[in-house]
Number of protein chains: 2
Amino acid sequence: MQVSALTYEKLIEQKIAELSIDKAPAQLYEPLRYILSIGGKRLRPQLIFIANALFEENIEDCAYAALAVELFHNFTLIHDDIMDNAPLRRGHQTVHEKWNPNTAILSGDTMLVVAFAQINKIQSTRIREIYDVFNSTAIEVCEGQQFDMNYEQQNDVSIADYLEMIRLKTSVLLAGSLKIGAILGNASTENGEKIYRFGENLGMGFQLMDDYLDVYGDPLKFGKQIGGDIISNKKTFLLLSALDKASAKDKVELLQWIAAENPDNAEKVQAVTAIYSRNGIDQLSLAKMQEYYSAAYLLLDEIQVPAHKKSDLKNFADLLSKRIQ
Amino acid sequence: MQVSALTYEKLIEQKIAELSIDKAPAQLYEPLRYILSIGGKRLRPQLIFIANALFEENIEDCAYAALAVELFHNFTLIHDDIMDNAPLRRGHQTVHEKWNPNTAILSGDTMLVVAFAQINKIQSTRIREIYDVFNSTAIEVCEGQQFDMNYEQQNDVSIADYLEMIRLKTSVLLAGSLKIGAILGNASTENGEKIYRFGENLGMGFQLMDDYLDVYGDPLKFGKQIGGDIISNKKTFLLLSALDKASAKDKVELLQWIAAENPDNAEKVQAVTAIYSRNGIDQLSLAKMQEYYSAAYLLLDEIQVPAHKKSDLKNFADLLSKRIQ
């Protein structure tokens, strides 16, 4: 049975609906139902199914793993939003805003344990490998969030630091999801490793694209405010590259915009974007992105399964990598 | 090999020292090393070894389980202290005070995942049962914390509500630790269940003793301020029983003390203690405690292993239950 992406999505929603999180104390479980109900693309759980389809199909186990990964992802959103003091998530109030920070802390904790409880329902004899991937991924995501917070305060962030931070914060969970799907399909260690690295590279490209679109995206298509990273002086690949490579004059201007207190935001976005553009930072960013996507496609080629089995995964990668067009 | 409690303690400290939590980002891992370094009785990990000694000895696996339980317990302390706005833990600054709440949230999260990572090192074929006990215990501890926070705001808390709250918040982790030790010793399901219920009852007695000592303890021996629960109007077994059973006149006085804004704390403690005493709440509390301890000893008797094997566990229970003398 070849299950389509649409079927995966329906299956994931069904499994989420079946979670036994409608119990007492209501104050603890309501935020779990809330965060799961306000949308989200369910990218990570889909990746589990899509990766699994390359190997031996194991829908039942994948469904538990998919739940675990989606619960984990949402747990990180609840806690990250407290740390980032974010008012909105997916266009809705964040959990700590709708309730309070204590509820967000404790509901998040519960959500993480509920995620682990799903993994324990997996029947595969390779359960320990699943736990290993899940644990090391979870720890790396926490490390990534910590680096991200550190870099807000830190002035000497290098491009390499930044790339490692987004690898931890974003890529490893995509990579880990793919690897879990592969292991559940009884993939060889080598194929598991390849699909992991495919996911890592895809994730890097994805995040770099996000940074690029934050500056150069179509306001109508891009979900967030254009220039948000510029306004908040976020040390993205673009800003760090500009600080590294811009002309001396532009560097001075860029540093002035960064240091400016209460600048006109529209003016700042326009000026910084112009600095990026005339120093080729947009092209540099696209080239870096392409580097990661190329590496991803190469790794996909190397996975030793018949080519036709890879089409869904390739389509998925195409979708992500062609967001720009 | 019969390993003594002292040896367990040394083994636990050694295993804690061997944890690979001395890595980057330092801001994430320092709080883990800190909270583990400021003491703690390591009761829960000891219970794993002591329970295991009733059955087939499995020191290696028990050490990982012991680490997992101690890490989990410390994770709850870090997050509970944020929620309770507590300045001190074990006589030292709490993590959110020493660093900040964000660090406490994220380090706590990391500690929880590191706990799970220890479980995955267990070699026993009954690993899934271990995870089941660990997961359901962890979820119940979160539920207990939520009920505890709810009850601070809630006026209609019953004695049954309170007992269920302390069962979740305190007892199940003692019970779960014992059961994990038993499973790792390949105990029968029945013995595992018995030792769990033994732990639950022991934990209930332990917490009721704590509440009692908060009022009637020897200030020189009790680690905390005498009367702390009275000052904060904490809805303990004593307060709830007094509200239920005190004479009409005393009930009025008690409610006045609860409602008093900025009372003289020493006066309040003295007056409320007097209300408890003349309404027999102290004796009622001791009787309830004894009920749980008796149930615990009965369950210990019922565990089907030779009596001499139970001596360490009995000694442990004696130590806890005789704190009052």
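Of the 12 residues of H12(B), how many are buried? The number is 1, so H12(B) lies largely in the open. Here "buried" takes 20 or more other C-beta atoms within 10 Å of a residue's own, "exposed" takes 12 or fewer, and "partly exposed" sits in between, with C-beta atoms placed from the backbone. Helix H12 of chain B covers residues 248–259 and reaches 17 Å from its first C-alpha to its last. That is close to the 16 Å expected at 1.5 Å a residue, where the expected span is 1.5 Å times one less than the number of residues. Helices (H or I, at least four residues) and strands (E, at least two) are DSSP runs, numbered from the N terminus.

The model is a predicted one, in which local features need pLDDT of at least 70, side-chain atom pairs count only at pLDDT 80 or more, and totals for chains, interfaces and linings use all residues. Residues are numbered from 1 along each chain as its sequence is written, while chains are lettered from A and ligands numbered from 1 in the order in which they are written.

Next comes the meeting of the two chains. Chain B puts 30 residues into the contact, and chain A puts in 30 residues as well; a contact means C-beta atoms, placed from the backbone, within 7 Å. On the chain B side, the elements giving two or more residues are H2, helix H4 (59–83), helix H6 (101–119) and helix H7 (127–153). H7(B) supplies the largest share of that side, 13 residues. By class, the side of chain B that touches chain A has 17 nonpolar, 9 polar and 4 charged residues. In this count Ala, Val, Leu, Ile, Met, Phe, Trp, Tyr, Cys and Pro are nonpolar, Asp, Glu, Lys and Arg are charged, and the others, Gly among them, are polar.

What about the inside? The largest nonpolar core has 189 residues, and A:Ala68 and B:Ala68 are among those with the most contacts inside it. Such a core is a set of buried Ala, Val, Leu, Ile, Met, Phe, Trp, Tyr and Cys residues joined through C-beta atoms within 7 Å. Leaving aside residues up to four places away in sequence, A:Ala68 touches A:Ala115, A:Gln118, A:Ile119 and A:Phe134.

Within chain A, helix H3 (residues 43–52) packs against helix H8 (residues 159–184) at an angle of about 35°, and their axes are 7 Å apart. Axes are lines fitted to C-alpha atoms, for helices over the stretch in contact, and angles run from 0 to 180 degrees between N-to-C directions. The residues of this contact split into 11 nonpolar, 3 polar and 1 charged.

Most residues other than glycine have a negative phi, and most peptide bonds are trans. In chain A, however, a cis peptide bond links A:Ala24 and A:Pro25, with omega about -5°, and A:Pro25 is in the loop between helix H1 (5–18) and helix H2 (26–37). Chain B has a cis bond between B:Ala24 and B:Pro25, with omega about -5°. A:Arg90 is not a glycine, yet has a positive phi of about 50°; this residue is in the loop between strand S1 (88–89) and strand S2 (92–93) of chain A. B:Asn262 also has a positive phi, near 50°, and is found in the loop between H12 and helix H13 (265–278) of chain B. With 5 other C-beta atoms within 10 Å, B:Asn262 is exposed, whereas A:Arg90, with 14, is partly exposed.

Key: Two residues are in contact if their C-beta atoms, placed from the backbone, lie within 7 Å.
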